[in-house]
Amino acid sequence: MTWKTLLTGNEAVPYKNKLAEIAGALMEHTEKMGDNIGLMGGKIGTALFFFYYYRLTNEEKYADFAVNLISEIFDQINNDFSYHTHAGGLAGIGWTIEHLAQNEFIDTDTNEVLEALDPYLSKTMIFDIQNGNYDFLHGAVGNGAYFLNRAEGNRAPDYLEALIDHLDTISHKDDDDARKWESELNHEVKQRGYNLSLSHGIASIIVFLSKAVKKGINLEKSRELLDGAVKYLLKFKLDRTQFISNFPSWISEGEPLAHSRLAWCYGDLGISLALATAGRNADNPEWQKIALDVLVDSTCRKDIKENMVIDAGLCHGVSGIMHIYNRGYQTWGHESLKETTLYWADHLLKYAQYPDGYAGYKAWHTEKHGGWQPEAGFLEGITGIGLSIISLISDIEPKWDESLFIS
């Protein structure tokens, strides 16, 4: 697609300045990540930022910094690093290496680099799904995202076919052929139910299955499961005269339906993205229309407190909201999506208010997990904030957002 620059000239200056601050803070603080080499909170995610920032600025020092990070990452992998997930492990690292090669940031034969990882990531993927852990960030669907992104000439289609078979096995089928997958909603109280989110729930399964359909992998079963998953999701579209959102976060027996936050991780934005991706990949205009309607409807949700917008990160903060509306505008050209992107872009700079933060930003964690903290990473920190800003002030298509199932 042709990506449109939304801010130019004097309007872009404060964002360019903030990007320079972010790059400086990351160069200073990335080593504090220590052994965290993963995509969502570690060094490979930060390397991703520096490659995109190099493409924006054409300053070699940023590409060099990224290359050095990748060298450190592979040194650690060779020292018996075996954690496997998309968020923090080898699946996310492998996804990023594929992404960098496919988009000509690095020149490498990824089959030579990653071939030895494939059997291990397949084994851990099947172990997770057999134990009911389909989670996108921390389970089988995340490994599936890696295999969807693998280059040609390997066994990725076979591994994906096996995952789809297991998704079929662990699904629950309603009388109307709707398909759903149970998971733990609250670890502390062991609450179980049906998570609808893009980060951990059925929306991520919908995106995964639609990408499998597009690639023709286990096609009949993929299509059956995809149709059933969308049917289940749409059964819980809320009455907007009674709720502030179109969808709840989850479905749990004995718990009343409730509105969801405005964020990538939970709620309307992630679900809209899932329906849009499924509609494109499965050639279903009705799903695409619902996706657009939900996204446009959400543009009226600008109350910070009501929508639980606390910090600036991609996961549940201002930069993620801004970027999703930007992606929506680039996809559909709807003027309200552009206006809403710029609304949240204005707020993004205002959130850089902490003298002891990284480039002025801090991420919110519960008091149990430390409260407000400077955060460098991709999902919750300034790495992701920086990538979202590049997408705002340049015509560089943010294909990095495929790692979040945004595209």
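Modeller: The buried residues of H4 are Leu90, Ala91, Gly92, Ile93, Gly94, Trp95, Thr96, Ile97, Glu98, His99, Leu100 and Ala101; buried means under 20% relative accessible area with a 1.4 Å probe, protein chains only. This is a predicted model, where local features need pLDDT of at least 70, side-chain atom pairs count only at pLDDT 80 or more, and totals for chains, interfaces and linings use all residues. Residues are numbered from 1 along each chain as its sequence is written, and side-chain values use heavy atoms, leaving out hydrogens and water.

Biologist: How many of the residues of H4 is that?

Modeller: 12 of the 13 are buried, so H4 is largely enclosed by the rest of the structure.

Biologist: What covers the buried residues of H4?

Modeller: The cover includes H2, H3 (60-78), H5 (110-114), H6 (118-130) and H7 (140-149). Helices here are DSSP runs of H or I, at least four residues, numbered from the N terminus.

Biologist: At what angle do the axes of H2 and H4 cross?

Modeller: Roughly 15 degrees, with the axes of H2 (residues 43-57) and H4 (residues 90-102) coming within 10 Å. That makes H2 roughly parallel to H4, a label for angles under 35 degrees.

Biologist: Which residues make the contact?

Modeller: From H2, Ile44, Leu48, Phe51 and Tyr52; from H4, Ile93, Thr96, Ile97, His99 and Leu100. Contact means heavy atoms within 4.5 Å.

Biologist: New topic. What follows H4?

Modeller: Glu104, with a positive phi near 60 degrees.

Notes:
Axes are lines fitted to C-alpha atoms, for helices over the stretch in contact, and angles run from 0 to 180 degrees between N-to-C directions. Helices (H or I, at least four residues) and strands (E, at least two) are DSSP runs, numbered from the N terminus. Angles under 35 degrees count as roughly parallel, over 145 as roughly antiparallel, 65 to 115 as roughly perpendicular and the rest as oblique. Buried means under 20% relative accessible area, exposed over 50%, partly exposed in between (1.4 Å probe, protein chains only).
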